[in-house]
Amino acid sequence: MAEEESSLATKSDGSHTKTGWPNFTQQCKALFYKNFLLSRRNLRATVLQLGSSLFFIFLIFCVELSSKALQRSTTNYKNLFNPTPASVPAIPACENGFYIKPDCYDFIWIGAQTPRLLSLVDNIRNNNPNRVINEAKVKHFATAQESDQWLLENPMRCTGTLYFEERGTTIAYGIQTNSTATGDHGRFEDPNFTYQIPLQVAAEREIARLVSGDASLQWNVAFSQFAHPAINAASVVGRVGPAFLLAATMFGFVIQLSNLVTEKELRLRQMMSTMGLIDSAYWITWLLWEVVLVFISSLLLVLFGMMFQFDFFLHNNFGILFFLFFLFQLNMIGLAFMVSTFVSKSTSATNVGFFVFIIGFLTQLVTIFGFPYDKKFSQALRSVWSLFPPNVFAAALNYLGLATSTAQDPGIKWKDRSKCSYRSEDCVLTMNDIYGWLIATFFLWFVLAIYFDNVFPDVNGVRKPCFYFLSPSYWLGKGVKLFEGGRCCNCSGSVPPPEAEEYDDPDVSSEATLVKEQKENGYKDPNVAVHVQGLVKTYPGSHKCVGCRMKATKPYHAVKGSWFNIEKDKLFCLLGPNGAGKTTTINCLTGTIPTSSGDALVYGESIRSTSGVTNIRKNMGVCPQFDVLWEALTAREHLHLFGSIKGLPSSEIKIGTSQLLEQVKLVEAGNVRAGSYSGGMKRRLSVAIALIGDPKIVYLDEPTTGMDPVTRRHVWDIIEASKKGRAIVLTTHSMEEADILGDRVAIMARGKLRCIGTPIHLKTKFGAGYLVNVSVRREDGMQQPGEAAREEVRRTGVKNFFNEQLELVPTDENKAYITFIIPREKEAQLPGFFKLLEDKKAELGISDLQLGLTTLEEVFLTISRQADLENAAAEGRFETLTVNGQALQVPVGAQQVRIPDSVSDSAPNGMMVEVFWQQDDVGALKIARHSEPKPAAEVLDSDPGQHWRSTSLHSQRSLREPSNILPGSVQMTSR
C-alpha cells in the first residue's frame, strides 16, 4: 500500500528518467539541436544574419571610393614624399571657372590707353599658350575705382584684374583675384594657382619682352609643393562604420528577438515548461547558440574588411577587431533577450529593431563628434552614456579609425590595448575600457532579461513577486508563490470570496463530502490519482485609466470551489459550455495558473507549491486545445525534443518515438515538417506528444478536433488503450466522444460542478425519458399508386395511438420516422403499452420501431439551460416578449406569463401565454416563440420568481414544465 501511494517525486527518480544535472545537460543538448534545426530550416534569415556584414562592408568600400574621388584634386589627405613640379598653366577661359556667370571676361585691365600698354595687353592676349584670348573677352577701365564698382555690380563675371602703370622706362603691375577656394563634384579650385599665377606669369613675361625688345624671350615658370604627410587625417570606417556595422548587427538582433517572442506568443515555451523544461536551460541554450552565430559573424566581418584592403582592418590587430565585433554583437543579443520580455507579438519585433537602430544611429552621430568621451565631460555622464552598446561601439570604431587614418599609421596592437593612440589628444577611454563596458552591460542585459521574464506576466498573466530572488525558498528549490496580472505595481481590486458552497445535485454533494473526509483524515486512496480539494479561481478586478476616466472591472469567479477525485486507470471527462470553468480548472491542475484558494494533490504533490508542480510535470502529459508546434520541425523531431525535456534516456526516446508515430499513423509523415500537416495530423501529433515518456497523468483538451471520422475512431482506440497505468482527463465538445471514452463524466457550468457520474447514470438521472422512433414506410421502399395517402393514414393512426395511450404528441417528424419522448413519469405504463403496440404493429402499419435512452447531449443542454436560468435569475435579466403589439419584459426562463390588464368575465384570472425558449450560439436563453393567449387557470403565488429560480436539477423536472410568474413580475413597455 505504501508503495502504491508513493509520490511523483519518488517515481521520477526511477531509472527510466534523468534528474538533476544529467537532465539539465540533456535538455540543453536537445534545445541547442532544436535551435540549430530552426536556423538551418530558416536558411534565408541565418545567411542574412551571418553574411549581412559583407554587404555593409561593401557599402563602406563604396563610400571610401567616393571619398577618394572627392579628394582627388587636393593633396591634403595624401602622403606627398616626392612632389612633381608642375608648369604654370595659361590664362583659363572664364567659362571654365566654378560658378562664373555667362557673358564673362577672361580678365580686366586698368590703366591709361597708351601705345605701350595697349601693345602689352594685345601681347598678353595673343601669346596666351594654347589659346588666343578674344579681344571681346577683355574689358578695360581707366581707374581702379571704376573697376571695383563694376565688379561690385556684376559679381562672378570675371576671374581676375591686371593693373598697369608706366613709370618712365619701366612698367609696374598689380593683380586682383578672388582668393576664396571653391569645390564642385569632388573637384577643388585653387584661385591662386588657377587664376592669379597665370595672370602674373603672363604679365611678367610680356613686360620683360617689351622692355628688353626681345619678342622671343623664353619665360618658363614651374611650381612644386613641399613634401609633407597627409595634413588632414580621416578614416572612412571610423566615421561611417558605426552606422553601417550597427545596421549589420541589427539583423541578428531582430531575428533573435523575433525567435524569443514567437515562442512566447505561440505558447511553445509554455508547452515545454508544462512538460518539465528548466528555465535556465532555455536561456542558456539560446545564449550558446547565439554565441556560435556571433562568433562566425564577427570572424567573417573582419575577414571581409581585410579582403577589401581597408587600412582599418589591415593595420589594427586582428584580435582587437574580432573581440570588439564579437562583444558588441553579443551585447546586442543580450539586449534582445531583455527587450523580448516587453514584446508580446512577433510582428512587433521588426518595429522594435528599427526603433533601436534609429536611436543607436542618432546617439552614434553624437558620439563620433566627441560627446561625452572627452575630459571636459563628467565620468558619471560617460558611464550613463556607455550603457547603450552602440555608443561604446562608435567610440571604439572612431578610436581605431584615428589610429589608422593615414597609410603610415601603425594602428593598435594587442599589447597597446590599454593605451591611448597618439592621435587621441583627449583620450579618456582605452580598448580595455571598451571591452569592460561591453562585457559588463551584456551581463546586465542578461540578468535583467531573466528578472523581467519572471516578474512580468506571461501569456497566462502569471508572474513571480518583484523580489522573488530574496526568498530563501527560491534558492533552496522550493519555489515561490505566483501572482496574476499587473507588474510590480498592480491596481487590482480586492477579491471578494466566492459564493458559499451549495450543491444542487446529491452526487456532487456526496463527492465533495468524500473528498473532504479524505482530506481531514489524511487518507490517500491508492486508486485515486488526483484529489481536487475546494479548487477556487477568481480573477481580481482592476482599475485602468482610460483617457480622463477610471475604468473598473469586476472580479470574476471562474471556478467556485470544486471537490472531486480523478481515479487511476480511468478517463475522467470534464464537460461544460464556453466559460464554464473547465479550461481554468485544467490550467490550475497543470500548474499553468495559480489557484486563488483550495488545492489539488496529483499523486500526493500539491499544485500550490512550485516544487510540487515541478515534480508533477515530470510525469505529466498535455495535449492543449490548440496545436503548439514548430512548423519547421518534423513529428519525429518534436517527439525527440519533448522526450529529452522529460529526461528520458536516448534509447527510450528512439523506441517511444517510433511506437507513438505508428500508433497515431504518422510513420510515413514522421520526417515531414509539421507546417505541411493537415489539422487532423497536427492533432494526432499533439496527442503523441502528450503520451511521450509514459506519463502518469494526461490532460487532453479536445484532442480529436479537426479529425475525420476514421482517424477519430482510431485516436479513440489509442486513448482507450492508454488508460492502463495512468489517469486521463479529457475535455471535449463531442458528446459522443465523452459517452464512449468517459468512465466518469462531470459537467461544469458557471464555475460550479453541476453533476458527476458515469454516462449511463447521468443519462438515466437527467434525461427527459425514453426516445421512441417509429417508421410506417413500406419495407421494400416501393412507391405504388396511392401509397402516399395510405402512409399518411398510418402516420395519423400511430399519432392517435400514442396520444390515447400516453397522451403524447410527436417531438419530431420526418419522412422516415416519427419521434416521441416518453417521460419517466410514465415508465410504469411502458410494459403494457409496448405489449399493446406489438399486438397492433401490423394493424398500425409499423415497419420499424426503435427505443433508446436520452443522449448525453440532451443532459448537457439541460444542465446548461438550468445554469443560464440560475444566472439570469441572480442577475435579474429580462427578455422582451411582444404579444398582440404589446411589449412585455419577461424574466429569462419564464414558461407562463400573464398579460397585464387582461382580467375579464371570461378570464377572471386574466389571460396568459406560454413562452418557448431556445439557446443561441453562446448558450444564452432567448425567446423562440409563444402560444396564443388563453385564460389563466388559477391565481398564482405571491413570489412567482422563487418557483422557477429554486428548481433543482435532481428534481428531474424538464424545462418544458410550466413555471408560474406573477403579473407584477412582468414589466410592460410601450412601443
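Start with the spans that UniProt, in an unreviewed entry, annotates as "transmembrane region": residues 43–63, 243–261, 281–306, 318–340, 352–373 and 434–452. UniProt positions are given in the numbering used here, feature names are shortened, and annotations may be inferred rather than shown by experiment. The model is predicted, so local features need pLDDT of at least 70 and side-chain atom pairs count only at pLDDT 80 or more, while totals for chains, interfaces and linings use all residues. Residues are numbered from 1 along each chain as its sequence is written, and side-chain values use heavy atoms, with hydrogens and water left out.

Select residues 43–63: the span is 100% helix and 0% strand, and its end C-alpha atoms lie 30 Å apart. Residues 243–261 are also 100% helix and 0% strand, with 26 Å between the end C-alpha atoms. Helices (H or I, at least four residues) and strands (E, at least two) are DSSP runs, numbered from the N terminus.

**Whole chain**

Now show everything. The chain has 30 helices and 33 strands. Of its 975 residues, 48% are buried; buried means under 20% relative accessible area, exposed over 50%, and partly exposed in between (1.4 Å probe, protein chains only). The chain exposes about 47000 Å², of which carbon and sulfur atoms supply 56%. Accessible areas come from the Shrake-Rupley method with a 1.4 Å probe, and for residues only the protein chains shown count as cover. Among contacts between residues at least 6 apart in sequence, 71% join residues at least 24 apart; contact means heavy atoms within 4.5 Å.

**Nonpolar cores**

Select F253, F313, L324 and F325, which touch the most other members of the largest nonpolar core, a set of 138 residues. Helix α11 (residues 318–340) supplies the largest share of this core, 16 residues. A nonpolar core is a set of buried Ala, Val, Leu, Ile, Met, Phe, Trp, Tyr and Cys residues joined through side-chain atoms within 4.5 Å.

Centre on F325 and leave aside neighbours within four places in sequence: F325 is in contact with L245, S298, L301, V302, F312, F313, F393 and L397. Another core lies apart from the largest one; it has 32 residues, among them L574, Y603, Y699 and I756.

Go to V261 in helix α7 (residues 236–265). V261 has a relative accessible area of 0% and is therefore buried. Beyond four places in sequence, V261 is in contact with S340, V343, S344, K345 and S346.

Next is A208, in helix α6 (residues 191–212). Not counting residues up to four places away in sequence, A208 touches L217 and W219. The C-alpha atoms of A208 and Q218 are separated by 9.7 Å, with the residues 10 apart along the chain.

**The six-stranded sheet**

Select the open sheet with strand order β18-β19-β20-β15-β21-β22, whose pairing is mixed. Two strands pair if DSSP finds at least two bridges between them. The edge strands, β18 (620–623) and β22 (752–757), each pair on one side only. Direction ignored, neighbouring strands are turned by 15 degrees against each other on average.

Inside this sheet, β15 (residues 571–575) and β20 (residues 727–731) pair in the parallel sense over four bridges. L574 stands opposite T731 in β20. Helix α25 (residues 759–766) lies across β21 (744–749) and β22, at about 110 degrees to β22. Axes are lines fitted to C-alpha atoms, for helices over the stretch in contact, and angles run from 0 to 180 degrees between N-to-C directions.

From β19 (697–701), follow the loop towards α23 (709–721) and stop at T704. T704 counts as buried because its relative accessibility is 6%. Outside four places in sequence, T704 touches R712, V715, W716 and E737.

**The four-stranded sheet**

Last, select the open sheet β24-β25-β23-β26, with antiparallel pairing. β24 (812–813) and β26 stand at the edges with a single partner strand each, so one side of each is left without a neighbour in the sheet. Helix α26 (residues 787–806) packs on the sheet, touching β23, β24 and β25, and its direction makes about 5 degrees with that of β25.

Zoom in on β23 (residues 769–775), where six of the seven residues are buried. β23 pairs in the antiparallel sense with β25 (residues 818–823) over six bridges, and with β26 (residues 848–853) over six bridges. Finish on N773, which stands opposite T819 in β25 and opposite Q850 in β26.
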